[in-house]
Amino acid sequence: MNNYLLSVYDKTEYNAGPKAKRDISRILSEKLNFKNIEFYFSLNNTISSKVSKVKYLNWDIPRKLKNTKIDNIFIQYPIYSAVVNEKILSLLDSHVKIYYIIHDLESLRLFKNDATYLAEEINRLNKADGIISHNSTMTKWLKENGIKTKIVNLEIFDYLTENVAPESNSYEKTLCYAGNLQKSDFLVNEFYPIDVYGPNPKKGYPKTVSYKGVFVPEELPKHLKESFGLIWDGNRIDECNGVYGEYMKYNNPHKVSLYLSSGLPVVIWKKAASAEFIIKHQVGIVVENLAQLQNKLNSLTEEEYLNLRHNAQSVSEKLKKGHYIVKAVSSLIDNK
């Protein structure tokens, strides 16, 4: 079987942006002998970007797909251009099986409550022979909104790294947060001592926040010396809110994979879709709000913490081997 993975990358994207895509690319290539088809262009509305897109549509995409013998093609979704998406599909032979690996659903994020966009996205996804969804919550939403094609749950994004957090044989009750700090507005509130990592820190934080710098995704794990990694979004501490906070009710934040691949247990919002994975595998704790942190972390015994850490390290081994994407892709190909 000739299996391909198609990925579109934004030339202007920050380094950490495409790690989830690049990891999937590498895993499927090494583990399942997939061949990669990659396109690069600027996903904006500048004149040069529009000219570049015309060139891609009429030359680059046809040239790469022409005379390529494909049986199964997995597309890292979304491509962020409906025109490019349709062009790619139009160039594939009728016998080719098409699958989408969902990274983001804009109907649940930037275009939430936009009925027209939702209809277009559902129609696009229904043209596929199968879909890899983030988790059971996202899958339920997809089915409720009209998806008829086969869906497989990823469960969690894999995370390739050679580095791991330092071994811990004691419970220090410490907490860290890693991410784009420009949109992590909840950190301006005082709630619990926390070490933060990432680009675009704010000029002022409460005394409980310690900024530790920015590191590339592959290197970051070895700097995470804290007891837990925090998964939170929005500008409040009583709940996750805003576009990205609401999105957590459906998606798998890549941050979860970062922490767990480092062998670090997590603290996550109770209403987050990924909380189900955390509870099932006993790799962290869930909270309704950040005001609960003090009591939750203080009431945890060292034995209980070390058990969470042990479980996180077990999941880490799977994430670093690409276990979850290999399982999801294989189930679609093998059961078609």
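Colleague: Let's start with Ser 184: is it buried or exposed?

Modeller: Keep in mind that we're looking at a predicted model. To judge burial, look at relative accessible area: under 20% counts as buried. Ser 184 has a value of 0%, so it is buried.

Colleague: Where does Ser 184 lie, and what is it in contact with?

Modeller: Find the loop between β7 (175-178) and β8 (194-197); Ser 184 lies there. Leaving aside neighbours within four places in sequence, Ser 184 is in contact with Tyr 177, Lys 202 and Gly 234. With Tyr 177 there's also a polar contact of 3.0 Å between the two side chains.

Colleague: Okay, on to helices. How many residues of α7 are buried?

Modeller: Helix α7 covers residues 254-261, and seven of its eight residues are buried. Among them are Val 256, Leu 258 and Tyr 259. The buried residues pack against β7, β10 (228-231), β11 (266-269), α8 (275-281) and α10 (302-319).

Colleague: At what angle do α7 and α10 pack?

Modeller: The general idea is to compare the directions of the two axes; 65 to 115 degrees counts as roughly perpendicular. Here the angle is about 110 degrees, and the axes are 8 Å apart. That's why α7 is roughly perpendicular to α10.

Colleague: Which residues meet there?

Modeller: From α7 you have Ser 257, Leu 260 and Ser 261, and from α10 you have Ala 312, Val 315, Ser 316 and Leu 319. Sort the residues of this contact and you get four nonpolar, three polar and no charged. Here's a handy general idea: an α-helix has 3.6 residues a turn, so residues three or four places apart point the same way.

Colleague: And aromatic pairs: how many are there in the whole structure?

Modeller: A search finds 14. To read one, check the angle between the ring planes: under 30 degrees is stacked, over 60 is edge-to-face. Tyr 9 and Tyr 40 have ring centres 5.3 Å apart and planes at 25 degrees, so they're stacked. Tyr 9 is in strand β1 and Tyr 40 in strand β2, 31 residues apart. Tyr 9 is buried at 2% relative accessibility, whereas Tyr 40, at 30%, is partly exposed.

Colleague: What kind of pair do Phe 277 and Tyr 324 form?

Modeller: That one is edge-to-face, with 70 degrees between the planes and 6.0 Å centre to centre. Phe 277 belongs to helix α8 and Tyr 324 to helix α11, 47 residues apart. Both Phe 277 and Tyr 324 are buried.

Conventions
Residues are numbered from 1 along each chain as its sequence is written. This is a predicted model: local features need pLDDT of at least 70, side-chain atom pairs count only at pLDDT 80 or more; totals for chains, interfaces and linings use all residues. Side-chain values use heavy atoms; hydrogens and water are left out. Helices (H or I, at least four residues) and strands (E, at least two) are DSSP runs, numbered from the N terminus. Buried means under 20% relative accessible area, exposed over 50%, partly exposed in between (1.4 Å probe, protein chains only). A polar contact is a pair of N or O atoms within 3.5 Å; within protein, one must be able to donate a hydrogen and the other to accept it, and residues adjacent in sequence count only if both atoms are side-chain atoms. Contact means heavy atoms within 4.5 Å. Axes are lines fitted to C-alpha atoms, for helices over the stretch in contact, and angles run from 0 to 180 degrees between N-to-C directions. Angles under 35 degrees count as roughly parallel, over 145 as roughly antiparallel, 65 to 115 as roughly perpendicular and the rest as oblique. Ala, Val, Leu, Ile, Met, Phe, Trp, Tyr, Cys and Pro count as nonpolar, Asp, Glu, Lys and Arg as charged, and the others, Gly among them, as polar. Rings of Phe, Tyr and Trp (its six-membered ring) pair if their centres lie within 6.5 Å; planes under 30 degrees apart count as stacked, over 60 as edge-to-face and the rest as tilted.
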